Amino acid sequence: MTTFASLEDALKHFFGYDTFRPGQKKIIEAALQNKDLLTIMPTGGGKSLCFQLPALLRKGITIVVSPLIALMQDQVDALQDNGISATYLNSTLEYEARRSRQIAILKNQVKLLYVAPERLLNERFSLFLDRVHRDVGISTIAIDEAHCVSEWGHDFRPEYRKLKLLRQRYPKIPLQALTATATKRVQQDIVRQLDLRSPDIHLASFDRPNLHYEVQPKDRHVYHKLLRAIRAETGAGIVYCLSRRSVEEVATRLCHDGIDALPYHAGLSDRERSSNQTSFLRDDVRVIVATIAFGMGINKPDVRFVFHYDLPRSLESFYQESGRAGRDGEPSKSILFFGLGDRRKIEFLIEQKSNQDERKIALQQLRQVIDYGSGNDCRRKIILSYFGERYRGNCGKCDNCLNPKPIEDWTIEAQKFLSCVARCQEKFGINHIVDVLIGSRKQKIYQYGHHLLSTYGIGKGRTADEWRMLGRSLVHQGLVGQTTDGYSILKLNKHSWEIFRNQQRVEIAVDKHQTKTTANYNPRKAEAELLFEKLRKLRKQIADANSLAPYMIFADSSLRLMAQVRPKTLADFANLSGVNEYKAQQYGDRFISAILEFGEQHKLPISIPSKSQMATLQLHQQGLSVVEIAQKRGFAVGTINSHLSQLIEMNQPVALNKLVKADKQQAIIQTIEQVGDLPLKTIKDALGEDYSYDEIRLVRGWWRSQRQSVLDSQ
Ligand code: ADP
Ligand code: ZN
């Protein structure tokens, strides 16, 4: 076995990645110390690597328990394409194939073996495993999708319960359980059911920083909004609808409008479903329009967008579904089309439920989705508060943060609101509290004697809607608690008390005016984007020739790097993140030729970014804000901004719209056109206080790049 100077070296050697994702390194270190582990990471966080890399660094074989045959095959294909000896044994294999795999395993030629839980526990296989244990050694048993062991999870599988027998049979072998499910109850259940021994528990944040969240009003133009949104994206995506009928309808209309789309729902035959799914995995079709039946067990890392055409039933399912975008860590988009019509439809369905508990829970779930769709707070904050995480500040990557509603200090209102919660003895939800505040004459008020409270009617200065907005915002910001038993009762917490004591101010985003829509400048598609498209096509050809999914050849992020860095030698090529020696040998030549050919066809730009500028660009493309990039690189914010403006000038793919608001861009451009390309100060003086040097510099970069391209074409 090769030894490595560091885990990073091993990561680069086997997988081609340069850095670990958050949490991975710690988990891998613990695994290498033979600890039992429970890893909770959101979908796309990079769980697999946490058992795959240790497997490659230890003696013997790692057994991976995985519930879905399709997923198993997928992971094994991807590993083999990295030159790693992995295999699976399941019921789809012929006798001969099974036998030759078993022989390879006993010859110690396999590092990772994937099996389904039911197989692990049958008699014949147990004997085989005993032999493997004796002759080869089993380094770890990794249990993927470990929530399947719990009845409290969303996907209970009885055969997972029997996995405990493995612990009894091989008490010395460490167990590593992995899941994306968040709830405490399921976590505890996993530890108990699998009999994990004082496991290291790694709970990663549920934030998915590369996802951009947006909500658009659902009105009668909704289909056209969807179409526009899809046209604005490159790459593959999923559109979720609630019913089969709307799946069929949307898929048909999209095809009619020139978007490559296929439907997926329970009404199709198994064959059709699986063939549509394969087309999607292989990038033969760009968009899948699906009911929620789609997505479980697909593992396509380069889904660039997930759009919800209809209202999801719960925030949990919304999060799971939108989380299928961007598992490779590249910027990806979620849009929810949100309208009150959907709300009524779902309410109607819920009212039909005869079981009162179910009805209550369904209504609460609906309320949470509505909260998300109608909230003025950061969307990320709303989602994470649902998972019990408190997110602070402006995420810069949701519609509410990018077009913030004006912020107002509502501390006094919050004090009134919270004291009303206290007077009602923390036994009511938002609506009742608001009724008391505005002095409503509803029956329920008199029934509880709440018209006698000192807080009755103290909120007449504001409308019921405003009070509700405040209440929701307090919940999202974690400034008051809310029960999850279906009643959403407000409970004071330590922050509420700080507000009473004037130790904490309350600021909320206030939606008074319709936000005006601003003209959107769409900077010219940069050359890197064109080269990226060319490399995508090449990747697709190679994938088809090898019957692999394109992402198994290279991730989008690696293609993007190729398009930016344009390596000309195999050594430079192998240096890119996501490329290891093996892949460089396999595919390097073809990609390098394509890059050279492109260079011939398109004159290379006169100036090429420096290494340092490239490093800034990479972080920018990962979605980090200017401040975050500056922190990470240890530079001043101004330096990063000047990198970005120079990159823009060199026509590199910088998302100007994320850095400067569209209406400001417009004003700056107009000013430059009027006064000319003069020193920044002159332009700033003409624009006035509202514009910073950085904003002007960035937009000037864009203006210059446009001028340059006009000059080029003359
Ligand atoms: P999960 O199982 O947690 O949903 P995966 O293990 O499938 O996530 O990983 C998601 C994607 O992220 C995969 O395409 C994987 O190759 C990629 N990935 C994992 N770790 C890294 C890393 N350190 N750097 C870059 N990409 C990574
Ligand atoms: Zn936000």
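Are cysteine 395 and cysteine 398 buried or exposed? Cysteine 395 is buried, and cysteine 398 is buried too. This comes from a predicted model, and both residues belong to the zinc site described next.

## Zinc site

The angles among the four donor atoms are 100 to 118°, and the site is tetrahedral. For four tetrahedral donors, the ideal angle at a metal is 109.5 degrees.

## Surroundings of ligand 1

Ligand 1 is surrounded by 16 residues, of which Tyr17, Gly44, Lys47, Ser48 and Arg327 are the closest. Sorted by class, the shell holds eight polar, five nonpolar and three charged residues.

Ligand 1 lies between domain 1 (7-203) and domain 2 (211-402), because both domains give residues to its shell.

## Polar contacts of ligand 1

Oxygen atoms of ligand 1 take part in several contacts. A polar backbone atom of glycine 44 is 2.6 Å from an oxygen atom of the ligand. Glycine 46 also contributes through its backbone, with an N or O atom 3.1 Å from an oxygen atom of ligand 1. For serine 48 the side chain is involved: one of its polar atoms lies 2.7 Å from an oxygen atom of ligand 1.

Taken alone, ligand 1 exposes 570 Å², and the protein buries 82% of that area.

Conventions. Residues numbered from 1 in each chain as written. Chains lettered and ligands numbered in written order. Predicted model: local features only at pLDDT ≥ 70, side-chain atom pairs only at ≥ 80, totals over all residues. Heavy atoms only, no water. Near = heavy atom within 4 Å. Polar contact = N/O pair within 3.5 Å; in protein donor to acceptor, adjacent residues only side chain to side chain. Areas by Shrake-Rupley, 256 points an atom, 1.4 Å probe, with all protein chains shown as cover. Nonpolar A, V, L, I, M, F, W, Y, C, P; charged D, E, K, R; others polar. Domains from an automatic or database assignment. Donors = N, O, S within 2.8 Å, 3.2 Å for Na, K, Ca; no water. Tetrahedral: all angles 85-135°; square planar, octahedral: opposite > 155°, others 65-115°. Buried < 20%, exposed > 50% of the residue type's maximum accessible area, 1.4 Å probe, protein only.
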